[in-house]
Amino acid sequence: MKYRKNKSVLLNFIIIFIFTLVLISCGSTKESLAISNDEKVAFEQVEGDTITISSDKTEYEIIIIEPGFYTWLNSIAKPEGYYSQSFLENRNYLMVLEWNQRVLQPMRYNPNLYELQIDYIQNIDYGYEVNYQLYNYFIYFQRKHNQRLGPFIPRI
């Protein structure tokens, strides 16, 4: 009789322990981003900004038509030179991979957010300015639309 009672207590303990672990793991691990008032103003713009990201060296061009991005880039984003080119290239490569995966899954991800694939080849030197503006667009996009394009929290 003692053996069954101990076994029952142990089983109850294991069930409670597993239930507690499940509750803890189900908690939100997504950090809330602190959005400043200036950033909110940029996000709420309705007139389209058109930014052309290009490099004469590589004949590479991205056209971004996104309300508020130009304002955000010039007032909120870290200034040019803050990040190294290799940092920008590595982050852009990861975010482009995720972006392109989302474009290919319109039933899972909003096709109005992820419309076209980005042709970004890791071995091409697009130059600092292209990488800087593309990186900042990804940060802007993630913060504005509450998305995560990779393992990094989109901080400014």
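Ala 34 is exposed, with a relative accessible area of 69%; exposed means over 50%, buried under 20% and partly exposed in between, with a 1.4 Å probe and protein chains only. The model is predicted, so local features need pLDDT of at least 70 and side-chain atom pairs count only at pLDDT 80 or more, while totals for chains, interfaces and linings use all residues. Residues are numbered from 1 along each chain as its sequence is written, and side-chain values use heavy atoms, with hydrogens and water left out.

Ala 34 is found in the loop between α1 (2-26) and α2 (37-43). Not counting residues up to four places away in sequence, Ala 34 touches Glu 39 and Arg 143, a contact being heavy atoms within 4.5 Å. Arg 143 is 109 residues from Ala 34 along the chain, and their C-alpha atoms are separated by 9.3 Å.

Asn 100 is placed in helix α4. Asn 100 is buried, with a relative accessible area of 14%. Its contacts, leaving aside neighbours within four places in sequence, are Gln 117 and Ile 118.

## Chain

The chain has five helices and two strands, in the order α-α-β-β-α-α-α along the sequence. Helices (H or I, at least four residues) and strands (E, at least two) are DSSP runs, numbered from the N terminus.

Of the 156 residues, 33% count as buried. Among contacts with a separation of 6 or more, 65% come from residues 24 or more positions apart.

## Aromatic pairs

The whole structure holds 19 aromatic pairs. Rings of Phe, Tyr and Trp (its six-membered ring) pair if their centres lie within 6.5 Å; planes under 30 degrees apart count as stacked, over 60 as edge-to-face and the rest as tilted. The ring centres of Tyr 114 and Phe 141 are 5.4 Å apart with the planes at 70°, so this pair is edge-to-face. It links distant parts of the chain: Tyr 114 is in the loop between α4 (85-103) and α5 (128-145), and Phe 141, 27 residues apart from it, is in helix α5. Both Tyr 114 and Phe 141 are buried.

Phe 141 also pairs with Tyr 137, in a tilted arrangement with 6.1 Å centre to centre and 40° between the planes. Tyr 137 and Phe 141 both belong to helix α5, four residues apart, or about one turn of the helix. Both are buried. One aromatic cluster is formed by Phe 69, Trp 72, Trp 99, Tyr 109, Tyr 114, Tyr 137, Phe 138, Tyr 140 and Phe 141.

## Charges over rings

The charged end of Lys 78 sits over the ring of Tyr 82, 4.9 Å from its centre. The charged end of Arg 91 sits over the ring of Phe 152, at 3.5 Å from the centre. The criterion is NZ of Lys or CZ of Arg within 6 Å of the ring centre and within 35 degrees of the ring normal.

## Largest pocket

The largest pocket has a volume of about 460 Å³. A pocket is an open set of points on a 1 Å grid over the protein atoms alone, where a 1.4 Å probe fits, with protein on both sides within 12 Å along at least five of seven lines; lining residues have an atom within 4 Å of a point. Points are joined across faces, edges and corners, and the volume is the space filled by probe spheres set on them.

The lining has 19 residues, of which Ile 63, Ile 64, Trp 99, Leu 116 and Tyr 137 lie nearest the centre. The elements giving two or more lining residues are β2 (60-65) and α5, and β2 gives the most, with six. By class, 12 lining residues are nonpolar, three polar and four charged; Ala, Val, Leu, Ile, Met, Phe, Trp, Tyr, Cys and Pro count as nonpolar, Asp, Glu, Lys and Arg as charged, and the others, Gly among them, as polar.
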